Amino acid sequence: MSLAETHRRATSVPNDLDAFWLPFTPNRAFKRAPRIVVGAKDMHYFTADGRAVLDGAAGMWCCNAGHNRAPIVAAIQQQAAELDYAPPFQFAHPKAFELASRLVALAPGDLAHVFFCNSGSEAVDTALKIALAYHNVRGQASRTRLIGRERGYHGVGFGGISVGGIVYNRKHFGSLLAGVDHLPQTYNREQQAFTKGEPEWGAHLADELERLVALHDASTIAAVIVEPMSGSGGVLPAPKGYLQRLRAICDKHSILLIFDEVITGFGRLGYAFAAERYGVVPDMITFAKGATNGAAPMGGVLVRKGIYDAFMQGPEHVIELFHGYTYSAHPLACAAGLATLDVYRDDGVFERAKAIEPVWADAVMGLKSEPGVLDIRTVGIVAGIDLAPRPDAPGKRGYDTLAAAFNDHDLMMRITGDTLALTPPLIISETQIAELVDKVRDVIRAVN
Ligand SMILES: Cc1ncc(COP(=O)(O)O)c(C=O)c1O
């Protein structure tokens, strides 16, 4: 019996969809034609009616080593039986230390400490709070301003949406955090269309930080936060030299630089962290998603030694940072994280992503002349495909594509408006890359 068949027999579809309010989903459209998965293995999801759906999204940029990997499943099961929960304030359990050490070993430079939380949004808000508190404990309390970037996505906490730059995530939620400013986004279709990897044009946009410094004065600026590649904003790789320039300007003005690596971490761009790909050591890295291969909620912030040390002053019985979550370093998440790092190492997942990047880029660029395709961008094992919006309804073509892919072509992918985002598990074979691209071609033609 196939895996898909096993799932079809073992599971049933719920008959009342009303109570659950789905996040970031048009609920009424979804509930009229739901897309429900009941199982997964490696490169596929399975539906209750026995279909195997090719995962072109690694769930949601999470499952870099593919689904339901046996060592990760076993680690979670064993941990649940051994130690279900341990309080993270004033107490701890061994795997929290072990995982922190393993993560630090993967990180570049002197990113020597980890603060754990449960999601990317929490990781971002944690990093922003650490930045503010860091300047405070060093006697530079005037450094309160936070700088994000247009089209940036940093989760949904108030800190994250304030530094984020996606209008729909901001416009309904009041005045947000005070004292935030934004760098310009880095995409320019005229200059960059159909680029594989980092575009040549755009490094100069980092100099806009100098303009913000001139406007606000460095003494008021705490930190800059950017994604090394904007994912949810539409798959926008950093222009060549841009991140290096941002690092230099931050150094010049003692502004902290935070890389939000919630999707670029753990192999997506061919390295443990994108920071390594670009040869830049940020002051903090936020991570989540791939940290546990998506198998348990976990996020965190990698912090440079000097920042941690600045807090380790004063009487030893006093808490240094008044921040944390009930589920920080949850035992199940730590067990999942440790097993995940083993799988990444043993299977050479990051190295493989790096090796197949050219194959991936060439295959996806093959969609260039399909109807309505305005641009394609690739970097690491990621691709963004801009489709021409329907004149009367921006976002509708994107939504139709997502639905048709799942319903008619056995393909899961993500969309941002009319941009398709392809981000499969990094274990994808060359045959599966070809299969995925064929499916996307069929869908694009079908919804034209
Ligand atoms: C760059 C980035 N930061 C933060 C987040 C938020 O993560 P979460 O949904 O786990 O809160 C995301 C989610 O996609 C992300 O892409």
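Helices (H or I, at least four residues) and strands (E, at least two) are taken here as DSSP runs numbered from the N terminus. The structure is a predicted model, in which local features need pLDDT of at least 70 and side-chain atom pairs count only at pLDDT 80 or more, whereas totals for chains, interfaces and linings use all residues. Residues are numbered from 1 along each chain as its sequence is written, and side-chain values use heavy atoms, with hydrogens and water left out.

Asp-181 is located in strand 6, which spans residues 180-183. This residue is buried but has no salt bridge, and Arg-145, the nearest side chain of opposite charge, is 5.3 Å away. In these terms, buried denotes under 20% relative accessible area, exposed over 50%, and partly exposed in between, computed with a 1.4 Å probe on protein chains only; a salt bridge requires a side-chain nitrogen of Lys or Arg within 4 Å of a carboxyl oxygen of Asp or Glu. For charge, Lys and Arg count as positive and Asp and Glu as negative, while His and the chain ends are not counted. The side chain of Asp-181 does make a polar contact, at 2.6 Å, with the side chain of His-216. A polar contact is a pair of N or O atoms within 3.5 Å; within protein, one must be able to donate a hydrogen and the other to accept it, and residues adjacent in sequence count only if both atoms are side-chain atoms.

Around the ligand are Ser-119, Gly-120, Ser-121, Tyr-153, His-154, Gly-155, Glu-227, Ser-232, Asp-260, Val-262, Ile-263 and Lys-289, a residue being near a molecule if one of its heavy atoms lies within 4 Å of it. A polar backbone atom of Gly-120 is 2.8 Å from an oxygen atom of the ligand, and a polar side-chain atom of Lys-289 lies 3.1 Å from an oxygen atom of the ligand. On the side chain of Asp-260, an N or O atom is 2.7 Å from a nitrogen atom of the ligand.

Ala-274 belongs to helix 12 (residues 274-278) and is buried, at 0% relative accessibility. Its C-alpha atom is separated by 9.5 Å from that of Ile-263, 11 residues apart along the chain.

With a disulfide defined as a pair of cysteine sulfur atoms within 2.5 Å, a search of the whole structure finds 0 disulfides. For Cys-62, the nearest cysteine sulfur is that of Cys-63, 5.4 Å away; Cys-62 is buried, with a relative accessible area of 15%.
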